[in-house]
Amino acid sequence: MVTLFDHGVLLDVEGNVSDASAAPAREVEAGRQKTMAYRILAAHNHSGDMQHLELKFDSMVSPDNNYVNILQTARASGLTKFPMPYVLSNCHNTLCAVGGTILEDDHAFGLSNAEKFGGIFVPPYRGVLHQYMREKMAGGGKMILGSDSHTRYGALGTMGIGEGGGELVKQLVGHTYDLAYPKIVGIRLTGSPKPGIGPMDVALALIAKTFANGFNKNNVLEFFGPGIRNLSMEFRMGIDVMTTESAALSSIWCTDEKTEAYLAEHGRAADYQQLAPEAGAYYDRYIEIDMDTVESMIALPFHPSHAMPIREFKENMETVLREVEAEGNKIKGAHGEPFRIMQHVHDGAFYPDQALVSGCAGGLFENIVAIADILRASLNEDEINAGTDAIYGIPGNGLNLHVNPASLPVMEDLMRQGIGSELAIAGVTMRPCICGPCFGVTDTPANDQLSIRHVTRNYPTREGSKPGQGQMAAVCLMDARSIAATVRNGGRLTAATELTNVEYRKLQHHFNEKIYANQIYDNYGHADPEVELVKGPNIADWPEMAPLKEHLLLKVAGSYQGSVTTDELVPSGEASSYRSNPEKISGFTMISRDPQYVPTAKAIRAIEAAPNLE
């Protein structure tokens with residue numbers, strides 16, 4: 001499925017590559033400048049030195065679980081107005097108050113910032129931040145910075161980078177995003193996915209090959225090859241958004257008439273730019289993905305890179321699950337009863353408890369239509385012809401499927417074309433456009449339960465578990481098609497490619513511009529410094545910072561091997577409700593890695609604040 005070449009290659013005029021290990025340095029250097037990534041980075045670089053980039057972005061985006069502290073930090077740093085379009089999306093903390101700020105207080109604060117500084121405000125339930133950026137902001141040759149890991153718009157010709165909030169603050173106050181010129185990894189796509197194979201299957205195959213060995217880490221992925229033309233725009237986007245989980249810095253794809261048609265459908269034909277590498281382009285590393293051979297995949301807990309074909313998992317089910325159980329108990333430690341997963345195996349098969357398709361990866365129009373196609377295929381032609389009320393009738397099997405479309409325009413079109421009705425009759429719930437299931441604030445399974453999901457991540461706590469409190473569940477990532485096949489098969493794990501009687505409809509998604517025109521507050525370029533910010537009782541300004549003294553006491557929080565996730569720095573889920581209060585959120589720092597970090601840091605701060613410290 002996926003083949004790695006850990007050496008430089010040169011692209012020829014036919015789109016094929018050759019080993020560049022013995023190529024002259026001059027040819028290699030000239031080839032670096034012939035990639036799509038080089039041209040886009042050069043257009044946004046302000047250093048005058050391509051080896052040391054100082055980038056400014058075309059636009060930025062933040063969700064409501066972190067835009068408050070970004071805005072507060074920017075204000076403390078001298079913010080007067082937003083220098084570029086800045087989208088404040090309310091798609092994470094949308095449902096309730098959990099421990100900290102009433103979430104609507106955050107939204108009221110965000111709206112007042114959009115009024116005061118000239119921003120774009122996307123109210124709750126209108127769209128997941130990345131879908132909104134695809135629909136309204138991404139375009140050829142652009143760069144977008146987001147305070148969310150999955151800021152990826154490469155399929156539309158935009159290099160997206162997900163970063164910590166501090167980097168967005170720097171952009172807001174006129175500074176640059178500084179980094180050494182990254183390695184560019186060429187990814188050549190060939191072939192065409194088989195029926196039942198979806199974007200998550202291709203993405204997991206890539207992640208499984210490249211994460212653990214660091215092949216893509218901090219590199220830019222550049223997609224080209226004849227296989228791209230065999231993919232719809234949503235299929236490309238579904239692969240692209242998951243490149244984050246391979247540890248890549250950013251991504252960029254060749255664009256074509258499908259890209260142009262997508263942008264035109266969304267009222268932005270002028271944002272199209274034809275992008276392709278030039279003959280002679282040089283790539284530091286190279287990957288080939290033969291999509292003819294991609295299988296239905298499953299990523300076992302507790303990382304997307306723990307992926308394998310569903311076929312292979314079934315062949316080695318007990319061995320694999322014993323390993324998962326052992327890893328889960330390392331994570332849970334001595335808190336409560338041991339974590340169990342083997343109870344999901346009975347009658348020679350694997351049975352999950354919950355099924356979700358959601359957000360920027362799963363909640364796309366074509367994925368959801370494919371779900372309906374798979375569920376209706378369980379009946380014969382006479383039953384289908386009898387009418388919609390007879391199309392389904394799948395008996396209750398204990399595995400309910402829940403769907404969160406990626407945006408309100410996607411949801412509206414699903415309803416207008418009748419897919420929403422089909423899903424409701426099938427027992428599938430279609431819920432608001434939120435990111436909740438992706439980061440552990442909705443759909444938390446019971447202790448020792450297991451969820452199959454087409455979302456971006458399956459880290460510990462990403463389904464809402466609290467291992468330190470003895471509550472532990474797990475998530476397996478799968479494509480929406482195999483999730484639907486599993487629901488159709490009574491909850492028994494089933495690859496979509498095992499089904500032989502599914503007719504996949506090629507329905508075209510129609511974007512209704514009126515939805516956003518009537519509901520999105522776009523105030524870019526119209527800052528009003530007289531506006532008073534609306535702050536709820538738990539939205540706190542930055543605390544007064546003590547000046548640095550001659551001698552510093554430092555608390556070192558250990559050294560780590562491999563990947564350190566955002567959840568290990570500050571956990572997602574309940575803790576995120578304190579993100580509008582710098583002092584309170586800091587109390588969760590490193591809590592899952594080093595529980596003594598916070599009390600030690602507070603003790604050191606007290607010593608540093610002492611007036612007689614020399």
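A residue counts as buried here when its relative accessible area is under 20%, as exposed when that area is over 50%, and as partly exposed in between. By that cut-off Arg 285 is buried, because its relative accessible area is 16%. Keep in mind that you're looking at a predicted model.

**The big picture**

- The protein has 614 residues, and 56% of them count as buried.
- Take the contacts with a separation of 6 or more: 76% of them are between residues 24 or more positions apart.
- The accessible surface is about 24,400 Å², and carbon and sulfur atoms make up 50% of that.

**Arg 285 and its partners**

- What does Arg 285 pair up with in a salt bridge? The partner is Asp 6, and the closest N and O atoms are 2.8 Å apart.
- Asp 6 belongs to the loop between strand S1 (2-5) and strand S2 (9-11), while Arg 285 is part of strand S15 (residues 285-290), so this bridge ties together parts that are 279 residues apart in sequence.
- Buried or exposed: which is Asp 6? With a relative accessible area of 53%, Asp 6 is exposed, whereas Arg 285 is buried at 16%.

- In total, the structure holds 25 salt bridges.
- Arg 32 and Asp 284 form one of them, with 2.8 Å between the closest N and O atoms.
- Arg 32 sits in helix H1 (residues 25-32) and Asp 284 in the loop between strand S14 (282-283) and S15, so the pair joins parts 252 residues apart in sequence.
- Of these two, Arg 32 is partly exposed at 23% relative accessible area, and Asp 284 is buried at 14%.
- Arg 75 and Asp 541 form another, and here the closest N and O atoms are 3.3 Å apart.
- Arg 75 comes from helix H3 (residues 67-76), and Asp 541 from the loop between strand S25 (521-522) and helix H20 (566-569), so this link connects parts 466 residues apart in sequence.
- Arg 75 is partly exposed, with a relative accessible area of 30%, and Asp 541 is partly exposed too, at 39%.

**A look at helix H16**

- Which residues of helix H16 (residues 419-426) are buried? They are Ile 419, Gly 420, Glu 422, Leu 423 and Ala 426.
- These residues share a side of H16, because they cover an arc of only 160° around the axis.
- As background, an α-helix has 3.6 residues a turn, so residues three or four places apart point the same way.
- Among the elements covering the buried residues of H16 are helix H13 (365-376), helix H15 (408-416) and strand S22 (429-430).
- Glu 422 is one of the buried residues of H16, and a network of salt bridges links Glu 422 with Asp 373, Arg 376 and Arg 505.
- Just after H16 comes Gly 427, which takes a positive phi of about 90°.

**Aromatic rings**

- How many aromatic pairs are there? The count comes to 11.
- Phe 82, Tyr 86 and Phe 117 make up a cluster linked by ring pairs.

How values were computed
Residues are numbered from 1 along each chain as its sequence is written. This is a predicted model: local features need pLDDT of at least 70, side-chain atom pairs count only at pLDDT 80 or more; totals for chains, interfaces and linings use all residues. Side-chain values use heavy atoms; hydrogens and water are left out. Buried means under 20% relative accessible area, exposed over 50%, partly exposed in between (1.4 Å probe, protein chains only). Contact means heavy atoms within 4.5 Å. Accessible areas come from the Shrake-Rupley method with a 1.4 Å probe; for residues, only the protein chains shown count as cover. Helices (H or I, at least four residues) and strands (E, at least two) are DSSP runs, numbered from the N terminus. The arc is that of the directions from the helix axis to the C-beta atoms. Rings of Phe, Tyr and Trp (its six-membered ring) pair if their centres lie within 6.5 Å; planes under 30 degrees apart count as stacked, over 60 as edge-to-face and the rest as tilted. A salt bridge is a side-chain nitrogen of Lys or Arg within 4 Å of a carboxyl oxygen of Asp or Glu.
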